[in-house]
Amino acid sequence: MRHRQAAQLLFELSHPGRRAVQLPACDVPQRRLEELLPPGAAAEAPPPLPELTEPDLVRHFVNLSTQNMSADTHFYPLGSCTMKYNPKRNERLAGMPGFADLHPYQPEATLQGVLAVLYEVQEMLAEIAGLPAVSLQPAAGAHGEMTALLVAAAYFRDVGQQRTTVIIPDAAHGTNPASAAMARFTTLEVKTCGKGLVDVKDLAGKLDARTAVFMITNPNTLGLFDGQIATIARMVHDAGGLVYLDGANMNAILGIARPGDFGADMMHFNPHKTFSGPHGGGGPGAGPVAVRGDLAPYLPVPAVVKDPSGFRLDYDRPKSIGRVRSFFGNTGVLVRTYCYLRTLGPQGLRRVAENAVLNANYLLSRLKHFLVAPYGDRCTHEFVVSASRLKADRGVTAMDLVKRLLDYGFHAPTVYFPLIVREALMIEPTETESKATLDAFAQALFRITEEPPDLLHDAPHALRISRPDEVQAARKAVLAWKGNAER
Amino acid sequence: MPYIPNTPADQEAMLQAIGVRSLEDLFAMVPPELRLQREPAVPPAMGELELTAHMTELAGRNVPAGQAVSFLGGGAYDHFIPAIVDFVAGRSEFYTAYTPYQPEASQGTLQATFEYQTLIAQLTGMDVSNASLYDGASAAAEAVLMAIHATKRSGRVVTAASVHPEYRQVLATYLANFETGLVTLPTSQGTIDPETLAAAVNDQTACVLVQHPNFFGCLEDVQELGEIAHRAGAMFVVAVDPISLGLLKRPGQYGADIVVAEGQSLGNAMAFGGPYLGILACREPFVRRMPGRLVGQTVDRRGKRCWVLTLQTREQHIRREKATSNICTNQGLLALRAAVYLAAMGPQGMRVVAELCLQKARYAMERLSAQPGLEPSFDRPVFKEFVVRATDGQLDRRLDAALRNGIFAGVPLARWYPELADCLLVAVTEKRTKAQIDRLVETVK
């Protein structure tokens, strides 16, 4: 079925005089605008927005939505994104007016329910982290990273130490060095060894009196748990630095191991990954951080505390780095986190990790027969395979493979990351997928590796769009509609 | 186990295929001495029925906007959200998708984001908007960082006490490890005095950050403030209320270089402070310095129009420590809601909402100020919010009386402005009726 209205923009569908929303007439005595606004304050005409009716909008947006692959419609194995199932009951519960229609500045006596939820989330995250002090303020993982690094900077300043460097593995997600730069640290890269783990000798050579923080993702972006972590933590601590754990891959170790127990001093969580929050097409997420006790004074304010009289917001933290955002935090996301954690319970957490790791290892055992598995047969909740041999033999790249996967009804895994593996595909199935889906995916991928290279270079064939010209997009940079006719 | 399809039989078959005996074997990579030796101490599992009862009970301990009459503002507002916004955002093809890394599989998200970018550009009169940042406060901080890098001036940033205190706190945090001085102009009359600004900007000033309408609801003299900033070679960054742009002159028309805003008012729930929507738009010369995702238009290999993430060399996944910002996940779903809201309102709807806010706030201010013991704090034109002072020192008594009558009368300013300790910030949106306003006036007598 051709959906014409989806391919047109709102501005092309606009028709003068159409209107969707009707508001009540003004019921207070009205003053003339000239009395209420200084000269020149008002615009001469309303903003040039499109004019549409509600049926126009519904047809447009519903059809648009069908042009997406999503976790609800397709297997979506994006590495390190943890595209697990988003429970519908949590959407409904978080959307209740009793949570959704609360103003951040209401009197605390009228917020006891939501404060109780947020307090419990603080407690549960502290327990899962193995670190006692939690801030729910950051709005996303990268925001959490930046917050923790600012905490580290404040801590070192407070104890009178000049530390300017953050050490980061070369396999790390780009947000790690970007967050360090925002906190005004210089970054130093440490190598990943042939086994896919931190090159401890290289690290030893780079640790010195300027080291503030060592950032690590564990399990790492290759899906490997770095068992050297206790040694690494000791080395960093001996040099006077702090260990930061990027918690994007927590799905592999829930109920199995805790970052605070294996040497992390600070970490962040991604509730929109690990704790089943929907990804929203690019957010909202959240980036709660957990830190060791002596770093608590520097965390952002406020936090939720429990008094004999009830829950309240506590601002009494004179050494706090201040705020990293307005109001409390991404409460809507955290209410979903609460619902999810209350659904899992203590055993559920472990079952999540066990099945996430089982599914990834099973898929790897199928794919390793026809794709290069640079780090062997075992992984945690995700793994990296390489199309390097295909490229050498037949000129087929990782990009070609995953574009063709779209034709088979699978969303592509992450490609070309981490940077240390050539023609990388980073695959994370999650625990909410069935063996049958994994088998179908493995079969499809195998068939694709046998297809003619030309077919793959031009894939996908079955979708409305194929191989957008990204060079032209950057060169011409058309970032808003400015009245062009539809192509 | 909820949401996990694997049965014990599945697990057995998979373990065999992998070549291990038990699930435990799969965790061999984790040294035993690092393993958690007990169950996590979290509350026991609940099914859907119990969870629903539990959450309903907790929700019942809150007083949402529907159960009280809200005159609360200060950056978050009780605005009308048409049902179509929830409907579109509830399409799970939108909310369970992720960042559109594979454009062929994400034209829904990409086209909707391009539409959002266009709508914000139209609303603000600026050239380009990004795909969102976390909230208005962090957007303001990111805009200031943009200005510092664009002007290559890191000596000073000038702002004012009439800018939202939490925006200024966030800005101070983001600038904590810069050498940049943050100057905050006093605004004892409710707005910035242009001469005070002129004396504060110098050739080391990267930008001037103002809010219009400001935190007190007062209208600033933005035309003149912008000219002063530009004369000193500084950039002009303006934080706006998107709802006001249905009526007020657009920042692009009065010389703003970067516009930031909190997009909660555009179809997003108040949600106890988040998730919200950071809006950032700028003039053409600064596009390559923008933080955040950008969606651009192009053609595919068959010549069909389509959309992709573009100018990605600004971003962390490519430039890493040299990126314009560290932002990755942004506020995609909230931007979608804002796009639907703006498209549903259209030019006429936005104009009407703004006029209703203007007239109703004015009516409330006049009626309150006529009460003995209450007076307006500032003698300035206002939009949607205003500040009144309890000259008899009885602010708390009035607030309690209102609360007992199911009214949130406003936000007391004492926590941020000691000199305004007896003052209340009152917001009146299009949802407030004359009857509700009259009742507010009665209860706070």
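A crossing of two helices is called left-handed if the near helix is turned anticlockwise from the far one by less than a right angle, and right-handed if clockwise. With that term in place, I turn to chain A.

The model before you is predicted, so local features need pLDDT of at least 70 and side-chain atom pairs count only at pLDDT 80 or more, whereas totals for chains, interfaces and linings use all residues. Residues are numbered from 1 along each chain as its sequence is written, and chains are lettered from A, with ligands numbered from 1, in the order in which they are written.

In chain A, helix H7 (residues 112-129) crosses H12(A) at roughly 65°, and the two axes come within 9 Å. Helices here (H or I, at least four residues) and strands (E, at least two) are DSSP runs, numbered from the N terminus. Axes are lines fitted to C-alpha atoms, for helices over the stretch in contact, and angles run from 0 to 180 degrees between N-to-C directions. The crossing of H7(A) with H12(A) is left-handed. On the H7(A) side, the contact uses Val114(A), Val117(A), Leu118(A), Glu120(A), Val121(A) and Met124(A). H12(A) answers with Thr331(A), Leu334(A), Val335(A), Thr337(A), Tyr338(A) and Leu341(A). Two residues are in contact if their C-beta atoms, placed from the backbone, lie within 7 Å. By class, this contact has 9 nonpolar, 2 polar and 1 charged residues. In these classes, Ala, Val, Leu, Ile, Met, Phe, Trp, Tyr, Cys and Pro count as nonpolar, Asp, Glu, Lys and Arg as charged, and the others, Gly among them, as polar.

Two backbone details in chain A deserve mention. Most residues other than glycine have a negative phi, and most peptide bonds are trans. Phe327(A), in the loop between strand E9 (310-314) and helix H12 (331-367) of chain A, has a positive phi near 60°. The peptide bond from Asn218(A) to Pro219(A) is cis, with omega near 0°. Pro219(A) belongs to the loop between strand E4 (211-217) and helix H11 (229-238) of chain A.

As for domains, chain A is divided into domain 1 (4-65), domain 2 (90-343) and domain 3 (349-472); such bounds come from an automatic or database domain assignment. Between domain 1 and domain 2 of chain A, the C-alpha centres lie 42 Å apart.

Let me move to chain B. Its assignment gives domain 1 (67-81 + 346-443) and domain 2 (83-341), with centres over C-alpha atoms separated by 27 Å. Their contact takes 26 residues from domain 1 of chain B and 25 residues from domain 2 of chain B. Which element supplies the largest share of the domain 1 side? That share, 7 residues, comes from H11(B). The residues of this side of domain 1 of chain B divide into 16 nonpolar, 4 polar and 6 charged.

H11(B) also packs against helix H13 (residues 434-443) of chain B at an angle of about 25°, with axes 10 Å apart. The two helices are therefore roughly parallel to each other, a term for angles under 35 degrees, where over 145 counts as roughly antiparallel, 65 to 115 as roughly perpendicular and the rest as oblique. H11(B) passes H13(B) in a right-handed crossing. Lys360(B), Tyr363(B), Ala364(B), Arg367(B) and Leu368(B) of H11(B) meet Ile437(B), Leu440(B) and Val441(B) of H13(B).

Chain B holds an open sheet of 7 strands in the order E2-E8-E7-E6-E5-E3-E4, with mixed pairing; two strands pair if DSSP finds at least two bridges between them. Strand E2 (128-129) and strand E4 (181-185) of chain B each have a single partner strand, so one side of each is left without a neighbour in the sheet. Within this sheet, strand E6 (residues 235-240) and strand E7 (residues 258-262) of chain B pair in the parallel sense over 4 bridges, and Val240(B) has Ala261(B) in E7(B) as its bridge partner. In the loop between E7 and strand E8 (278-282) of chain B lies Pro275(B), joined to Gly274(B) by a cis peptide bond with omega about 5°.

Another open sheet in chain B has 4 strands, ordered E11-E12-E15-E14, with antiparallel pairing. There, 3 bridges join E11(B) to E12(B).

Finally, the two chains meet: 166 residues of chain B are in contact with 171 residues of chain A. H11(B) gives the largest share of the chain B side, 23 residues. By class, that side has 93 nonpolar, 46 polar and 27 charged residues.
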